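Morning, everyone. Please look at the screen, and we will walk through this protein together.

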Amino acid sequence: MNKLEQFVPKSHDVGHFARGVVDQDPTMFFEQGGRTLRSVHQEVIERDVAKLEEMEGRWHPLGFMVYHLGVNPTSGESLRLHIWPSGERALGDRQPNMHNHGWHLISLVLAGRYEDQLLKVVPGQDVSGDQYALRPYNLTYHRNGLDSFDTDGSTCEVLIDKSRRIDAGKLHTIPAGVFHLPTIPSEHLTATLVLDSPAFDFETTVILMGGRESFVAERREIKPDEALRAKEQLIAELL
């Protein structure tokens, strides 16, 4: 078995459905995860990027492509490919979509430059009737690309803690619970290979403008022609 075959193909986001693992110190995961990403990234380029238009993927609400490459049945870790195509982003209806994760995450930049902001979220003023208030929503993943969002109606404020720029060939990490927002310019191509730890026993939180109502949103499937354009950009960058 080669290193990439340890990740068994699964449907979209299946690695994030099962929660309940006790939160753990991320240090060992980041050390081992970095080695894993460096050991499989060339296989991902040769196996998956080469046939991107044939693969199932969905657009993240922040406008980048997400391809779920598999879950390690032993460790529970999941492998994903994220692509921000130059000049083509499919943003969701609700923004700004600052968020944390209910798992540790380490990422290897394959192409371009990854940029984001690490954020601090603090309680806001009580404006419960304001539909345009900035609110934290608990995100629950479902099958077929559906996400449900629930809020207790509280509001929040967001402060920038740190801005980051990570070049191709470098790693970056996001511990569970840390809020961030990718800030890659729309004219830039960026691709990252992402390894997630098993999901812990708490929900992902997303910061959105909105009211007190719950809602469901669907992550749109990536069309073959969209994937083909992204593949052509990636191949030109990686050659």
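How much space lies in the largest pocket? About 290 Å³.

Some ground rules before we go on. This is a predicted model, where local features need pLDDT of at least 70, side-chain atom pairs count only at pLDDT 80 or more, and totals for chains, interfaces and linings use all residues. Residues are numbered from 1 along each chain as its sequence is written, and side-chain values use heavy atoms, with hydrogens and water left out.

Now, what is a pocket? A pocket is an open set of points with protein on both sides within 12 Å along at least five of seven lines. A cavity is a set of points where a 1.4 Å probe fits but cannot get out. Lining residues have an atom within 4 Å of a point. Grid points are joined across faces, edges and corners, and a volume is the space filled by probe spheres set on the points.

Back to the largest pocket, with its space of about 290 Å³. It is lined by 17 residues, and closest to its centre are Pro 61, Gly 92, Asp 93, Ala 217 and Glu 218. Strand 8 (146-150) and strand 14 (215-218) are the elements that give two or more residues to this lining. Strand 14 has the largest share, with 3 residues. A word on naming: helices (H or I, at least four residues) and strands (E, at least two) are DSSP runs, numbered from the N terminus.

What classes of residue line the largest pocket? There are 8 nonpolar, 3 polar and 6 charged. Here Ala, Val, Leu, Ile, Met, Phe, Trp, Tyr, Cys and Pro count as nonpolar; Asp, Glu, Lys and Arg count as charged; the others, Gly among them, count as polar.

Next, cavities. How many of 30 Å³ or more does a search of the whole structure find? The search finds 2. The largest cavity has a volume of about 310 Å³. Its lining has 30 residues, and His 60, Phe 64, Arg 80, His 99 and His 101 lie nearest the centre. Strand 3 (residues 78-84) gives the most to that lining, with 3 residues. By class, the lining of the largest cavity has 14 nonpolar, 13 polar and 3 charged residues.

On to aromatics. A pair of rings is described by the distance of the centres and the angle of the planes. Rings of Phe, Tyr and Trp (its six-membered ring) pair if their centres lie within 6.5 Å; planes under 30 degrees apart count as stacked, over 60 as edge-to-face and the rest as tilted. The structure holds 6 aromatic pairs. Take Phe 29 and Phe 30: their ring centres are 5.8 Å apart and their planes are at 55°, so this pair is tilted. Phe 29 is buried, at 6% relative accessible area. Phe 30 is buried too, at 15%. Buried means under 20% relative accessible area, exposed over 50%, partly exposed in between (1.4 Å probe, protein chains only).

Why is the pair of Trp 103 and Tyr 141 called tilted? Because the ring centres are 6.0 Å apart and the planes are at 45°. Trp 103 lies in the loop between strand 4 (96-99) and strand 5 (105-111), and Tyr 141 in strand 7 (residues 133-141), so the pair ties together parts that are 38 residues apart in sequence. Both Trp 103 and Tyr 141 are buried. Also, Phe 64, Trp 84 and Tyr 114 form one aromatic cluster.

Now strand 4. Pro 96 is in it. The peptide bond from Gln 95 to Pro 96 is cis, with omega near 10°. Asn 97 is in strand 4 as well. Asn 97 is not a glycine, although its phi is positive, about 65°. Is Asn 97 buried or exposed? Buried, with a relative accessible area of 6%.

Last stop: helix 2 (residues 224-238), where we find Lys 231. Lys 231 is buried, with a relative accessible area of 11%. Which residues does Lys 231 contact, leaving aside its neighbours within four places in sequence? Val 49, Ala 50, Lys 51, Leu 52 and Glu 53. Contact means heavy atoms within 4.5 Å.

That is the tour. Thanks.

Definitions and conventions
On a 1 Å grid over the protein atoms alone, a cavity is a set of points where a 1.4 Å probe fits but cannot get out, and a pocket is an open set with protein on both sides within 12 Å along at least five of seven lines; lining residues have an atom within 4 Å of a point.
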